[in-house]
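Dear colleague,

Please find the structure below, handed over for your use.

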Amino acid sequence: MATGETNLNTLIKNMTPVLNEGDYVYCTTTSLNNINTDDIIAFFKEQEAVTLILKKKQPTR
């Protein structure tokens with residue numbers, strides 16, 4: 001089994017973060033049935049609900 005880097009200073013020094021453009025929202029739901037999973041940036045499955053991170057969409061004019 002491979003082991004990952006555990007030295008925090010080394011981890012931070014070697015980070016190459018990239019800023020994703022746009023606005024994002026967090027929301028919770030108990031069901032993903034009516035949600036297009038292609039729209040989900042990330043999610044956290046918790047006992048009481050699923051927390052989603054979604055790109056905020058502007059209304060079409």
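**Salt bridge**

The count of salt bridges comes to one, where a salt bridge is a side-chain nitrogen of Lys or Arg within 4 Å of a carboxyl oxygen of Asp or Glu. This is a predicted model, in which local features need pLDDT of at least 70 and side-chain atom pairs count only at pLDDT 80 or more, while totals for chains, interfaces and linings use all residues. Residues are numbered from 1 along each chain as its sequence is written, and side-chain values use heavy atoms, with hydrogens and water left out.

The salt bridge is formed by D39 and K57, whose closest N and O atoms are 3.5 Å apart. It links distant parts of the chain, since D39 lies in the loop between strand 1 and strand 2 and K57 in the segment after strand 3, 18 residues apart. D39 is partly exposed, with a relative accessible area of 32%, whereas K57 counts as exposed at 62% relative accessibility. For these terms, buried means under 20% relative accessible area, exposed means over 50%, and partly exposed lies in between, computed with a 1.4 Å probe on protein chains only.

**Overall architecture**

The secondary structure of the protein comes to one helix and three strands. Helices (H or I, at least four residues) and strands (E, at least two) are DSSP runs, numbered from the N terminus. From that terminus on, the elements run α-β-β-β. The radius of gyration of the protein is 17 Å, well over the 10 Å that the globule rule gives for 61 residues, so the protein is more spread out than a compact globule. This radius is taken over C-alpha atoms, and the globule rule is 2.2 Å times the number of residues to the power 0.38.

Taken along the principal axes, the box filled by the C-alpha atoms is roughly 45 × 35 × 20 Å. Of the 61 residues, 13% count as buried. Among contacts (heavy atoms within 4.5 Å) between residues at least 6 apart in sequence, 34% join residues at least 24 apart.

The three strands form an open sheet in the order 1-3-2, with antiparallel pairing; two strands pair if DSSP finds at least two bridges between them. Strand 1 (24-29) and strand 2 (40-45) stand at the edges with a single partner strand each, so one side of each is left without a neighbour in the sheet. From one strand to the next, the twist averages 20°, the angles running from 0 to 180 degrees between N-to-C directions of axes that are lines fitted to C-alpha atoms, for helices over the stretch in contact.

Strand 1 is joined to strand 3 by six bridges, and V25 has L54 of strand 3 as its bridge partner. Strand 2 is joined to strand 3 (residues 50-55) by five bridges. Here K45 has V50 as its bridge partner, and F43 stands opposite L52. Strand 3 is mostly covered, with five of its six residues buried.

Strand 2 and strand 3 form a hairpin with four residues between them. Q47 lies in the loop between these two strands and counts as exposed, at 83% relative accessibility. The C-alpha atoms of Q47 and T30 are separated by 9.6 Å, the two residues being 17 apart along the chain.

Not counting residues up to four places away in sequence, T29 touches I35, A49, V50 and L52. A polar atom of the T29 side chain also lies 2.8 Å from the backbone oxygen of S31.

Yours sincerely

Terms used:
A polar contact is a pair of N or O atoms within 3.5 Å; within protein, one must be able to donate a hydrogen and the other to accept it, and residues adjacent in sequence count only if both atoms are side-chain atoms.
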